[in-house]
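Work through the exercises below with the model open. Each task is followed by a stepwise solution.

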Amino acid sequence: MDIDDLATRIAAGERRALARAITLVESGRADHRETATALLERLKDRPAQALRVGLSGTPGVGKSTFIEAFGLMLTGQGLRVAVLAVDPSSARSGGSILGDKTRMEHLSRDPNAFIRPSPAQSQLGGVARRTREAIDLCEAAGFDVVLVETVGVGQSETMVAEMTDLFLLLLAPGGGDELQGVKRGIMEIADILLINKADGALKTTATRTCADYAGALRLLRKRVQDPDGFPKAMTVSAVEGAGLETAWAEMQSLAEWRRTEGHFDARRADQARFWFEAEVREGLLARLKREPVRGAMTALGRQVAEGAITPTAAAAELLGEYLQLDLADRTTDQSRQSAPKA
C-alpha cells in the first residue's frame with residue numbers, strides 16, 4: 001500500500017480513500033496496524049480541526065433519526081459532516097447489524113456527508129476500539145463536524161467523552177425526574193441533554209421531562225469547563241426538525257467559549273495522553289495472548305486451580321519471568337535506595 005498516495009487522497013477529501021483508511025485502522029493484523037500507524041503519523045500535522053460531537057441515548061430514543069435530521073441541517077449550511085456510528089455486537093456470534101446507513105437514507109446520499117458504521121465487538125464504553133483513530137482520519141479529510149453515535153447502553157457509556165469535544169445525551173419524554181441528578185456516570189459527562197420526540201401528543205410530556213432534567217442538572221457539581229447555564233436540557237423533534245438550529249447554536253456557543261478560555265485545547269491534550277496510556281495497556285494485554293506467555297499463563301493457571309500456588313504468587317511469577325515488569329520496578333527501587341540522601 002502506498003501510504004503517501006493514500007494520505008494525499010484523504011487530505012483531498014476522497015471518500016473512497018477515507019473508507020479504505022478506516023478499514024485499515026480497524027484491522028487487527030500486525031502488518032495492518034503498522035501501516036495504519038504510519039498513515040496516522042503522516043496525517044497528524046493537518047491544520048484542520050473539526051468539531052467532534054459524541055451522541056448517546058438508550059435504544060429507541062431516536063438517535064439515528066436525530067443524526068439524519070441534524071446532519072442534513074448542517075450540510076444545508078455548507079458544512080461537511082462525518083458520522084461514525086457504533087453498533088452493538090452479539091456476545092454469541094460477534095456479529096453486528098450495521099444498519100445505520102439504512103436508517104439514514106437521505107443523509108447517506110448527501111455528497112457532503114460520510115457515514116461509517118462499525119461494530120463495538122468486545123469494547124466497553126459504547127465505542128469501537130479504533131473510533132478515535134477514525135475521528136482523526138475524518139478530521140484530516142477536511143470534515144467540519146464529526147458525529148460519533150455510540151451503542152447506547154446506559155449509565156456506564158462514558159468512553160466517548162474521551163474522544164469528543166462535546167457530548168450530547170438524547171433522552172425520551174417521560175424518562176426521568178429530578179432524582180436522575182444523583183446518578184453518576186453518563187449524566188456527569190453530558191454537555192447538553194436533548195429531549196427528543198417533542199412533537200404531537202408527546203410535546204407536553206417532553207417539555208415536562210426537560211424541566212425535570214434541568215432540575216437534575218442543578219444537583220450536579222459544577223465543572224470548570226462549563227460557562228454559566230451549562231450543562232443544559234433542551235427539547236428537540238427530529239421528525240419535525242424543531243429545536244435543531246437552537247441546539248446547534250448552543251453547541252457552537254459552548255465550543256467557542258471553551259476555545260477562548262483555553263479548555264478546548266487543554267481537553268484535547270488530556271485526551272491524547274489518555275489514549276497513549278490506553279494503547280500501552282492494550283499492548284501489554286496483547287502480549288498475554290501470544291506465546292510463550294500464553295502457554296505459561298495456562299500452565300500457571302492449572303497450578304492455581306490445583307492449589308499448588310496462590311493466584312498472587314502465580315501472577316508475580318508470570319510478570320517477572322515473562323513480561324519483566326517487576327524487574328523494572330526493582331531496578332527503580334534499588335536506584336532510589338542507593339541514591340545519596342540530601
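**Exercise 1. Describe how helix 4 packs on helix 10.**

Step 1. Locate the elements: helix 4 covers residues 63-76 and helix 10 covers residues 244-261. Helices here are DSSP runs of H or I with at least four residues, strands are E runs of at least two, and both are numbered from the N terminus.

Step 2. Take the geometry. The angle is about 75° and the axes lie 10 Å apart. Axes are lines fitted to C-alpha atoms, for helices over the stretch in contact; angles run from 0 to 180 degrees between N-to-C directions.

Step 3. Classify. Helix 4 is therefore roughly perpendicular to helix 10. The classes are roughly parallel (under 35 degrees), roughly antiparallel (over 145), roughly perpendicular (65 to 115) and oblique (the rest).

Step 4. List the contact (heavy atoms within 4.5 Å). Helix 4 gives Phe66, Ala69, Phe70, Met73 and Leu74; helix 10 gives Leu244, Glu245, Trp248 and Met251. Eight of these residues are nonpolar, none is polar and one is charged. Nonpolar means Ala, Val, Leu, Ile, Met, Phe, Trp, Tyr, Cys and Pro; charged means Asp, Glu, Lys and Arg; the others, Gly among them, are polar.

The model is predicted: local features need pLDDT of at least 70, side-chain atom pairs count only at pLDDT 80 or more, and totals for chains, interfaces and linings use all residues. Residues are numbered from 1 along each chain as its sequence is written, and side-chain values use heavy atoms, with hydrogens and water left out.

**Exercise 2. Find the angle and handedness for helix 1 and helix 3.**

Step 1. Helix 1 (residues 3-11) packs on helix 3 at about 50°, with the axes 10 Å apart. Helix 1 is therefore oblique to helix 3.

Step 2. The crossing is right-handed.

Step 3. Ile3, Asp4, Leu6, Ala7 and Ile10 of helix 1 meet Thr35, Ala38, Leu39, Arg42 and Leu43 of helix 3. The contact has seven nonpolar residues, one polar and two charged.

**Exercise 3. Repeat the analysis for helix 2 and helix 7.**

Step 1. Helix 2 spans residues 15-26 and helix 7 spans residues 131-140; their angle is about 160° and their axes are 9 Å apart. The two are therefore roughly antiparallel.

Step 2. Helix 2 passes helix 7 in a right-handed crossing. Leu18, Ala21, Ile22 and Val25 of helix 2 touch Glu133, Ala134, Leu137 and Cys138 of helix 7. Seven nonpolar residues and one charged residue make up this contact, with no polar ones.

**Exercise 4. Which residues line the largest cavity?**

Step 1. On a 1 Å grid over the protein atoms alone, a cavity is a set of points where a 1.4 Å probe fits but cannot get out; a pocket is an open set with protein on both sides within 12 Å along at least five of seven lines; lining residues have an atom within 4 Å of a point.

Step 2. The structure holds one cavity of 30 Å³ or more. The largest cavity has a volume of about 40 Å³. Points are joined across faces, edges and corners, and volume is the space filled by probe spheres set on them.

Step 3. Ile22, Glu26, Leu84, Ala85, Val86, Arg116, Ser118, Thr131 and Ala134 form the lining. Strand 2 supplies the largest share, three residues.

Definitions and conventions
Left-handed = near helix turned anticlockwise from the far one by under 90°.
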